[in-house]
Amino acid sequence: MGSDEGPLQVESSVAPPVLNCPHCDGMLPLGLGEIDCALCGSKVRVDHAATRRQWREEKLACPSCSKVLIAGVEERPVRIRCSSCDNEINITAKAVKVELACPACERRLRIRPRPGSRELTCPACEEEFRVTF
Ligand SMILES: [Zn+2]
Ligand SMILES: [Zn+2]
Ligand SMILES: [Zn+2]
């Protein structure tokens, strides 16, 4: 009981929109507020009222006592406290995935978008191809 296993974690189910940088047109790191473009270094203010509202109203089950909590805050990641068991809970940002098709065999791949370009290897046909966000 007194053992410290680190904070409890719940993944948010609400993702902010995937947006492109107005300066270089590359993908911006996901989030709201002041975002630094990972590709050109510009600071971009991103806001999205619908995402903020969904974050504030998001219901999450406490991983310790299962009580359903309303997040009540408009940020992710964020730490809240369970009103029932008093544990602290980290609400982590949703892991966004996008689906794309292998250019060789058209197998659908689900990957986490990241700004910039990188090489992927198709798990089905081992074709290597480059994706850019
Ligand atoms: Zn940029
Ligand atoms: Zn709890
Ligand atoms: Zn393939």
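Reader: What are the ground rules for numbering and confidence?
Author: Residues are numbered from 1 along each chain as its sequence is written, and chains are lettered from A and ligands numbered from 1 in the order in which they are written. This is a predicted model, where local features need pLDDT of at least 70, side-chain atom pairs count only at pLDDT 80 or more, and totals for chains, interfaces and linings use all residues.

Reader: How do you know which elements the chain has?
Author: Helices (H or I, at least four residues) and strands (E, at least two) are DSSP runs, numbered from the N terminus. The chain has one helix and eleven strands. Along the sequence they follow the pattern β-β-β-α-β-β-β-β-β-β-β-β.

Reader: What makes the domains, and how far apart are their C-alpha centres?
Author: The bounds come from an automatic or database domain assignment. Domain 1 covers 8–92 and domain 2 covers 98–132. Their C-alpha centres lie 26 Å apart.

Reader: How does the radius of gyration of the chain compare with that of a compact globule?
Author: The radius is taken over C-alpha atoms, and the globule rule is 2.2 Å times the number of residues to the power 0.38. For 133 residues a compact globule would come near 14 Å, but the chain has 18 Å. Its C-alpha trace spans about 50 × 35 × 25 Å along the principal axes.

Reader: What makes β6 and β7 a pair?
Author: Two strands pair if DSSP finds at least two bridges between them. β6 and β7 (residues 88–92) have four bridges, in the antiparallel sense. Arg81 stands opposite Glu88 in β7.

Reader: Which strands form the open sheet, and in what order?
Author: Three strands form it, in the order β1-β7-β6, with mixed pairing. β1 (8–11) and β6 (78–81) each have a single partner strand, so they stand at the edges and one side of each is left without a neighbour in the sheet. Neighbouring strands are turned by 30° against each other on average, direction ignored. That angle uses axes that are lines fitted to C-alpha atoms, for helices over the stretch in contact; angles run from 0 to 180 degrees between N-to-C directions.

Reader: Why is Ile91 called buried?
Author: A residue is buried if 20 or more other C-beta atoms lie within 10 Å of its own, exposed if 12 or fewer, and partly exposed in between, with C-beta atoms placed from the backbone. Ile91 has 24, so Ile91 is buried. Ile91 is found in strand β7. Of the 133 residues of the chain, 8% count as buried.

Reader: Which residues is Ile91 in contact with?
Author: Contact requires C-beta atoms, placed from the backbone, within 7 Å. Beyond neighbours within four places in sequence, the partners of Ile91 include Val10, Leu60, Pro77 and Ile80.

Reader: Why do Asp25 and Asp86 count as exposed?
Author: Asp25 has 10 C-beta neighbours inside 10 Å, so Asp25 counts as exposed. Asp86 has 9 other C-beta atoms within 10 Å, so Asp86 is exposed too. Asp25 lies in the loop between β1 and β2 (33–36). Asp86 lies in the loop between β6 and β7.

Reader: What is the phi of Asp25 and of Asp86?
Author: Phi of Asp25 is near 70°, a positive value in a residue other than glycine. Asp86 is not a glycine either, and its phi is about 70°.

Reader: Which peptide bond is cis, and what is its omega?
Author: The bond from Arg76 to Pro77 is cis, with omega near -10°. Pro77 is found in the loop between β5 (68–70) and β6.

Key
Two residues are in contact if their C-beta atoms, placed from the backbone, lie within 7 Å.
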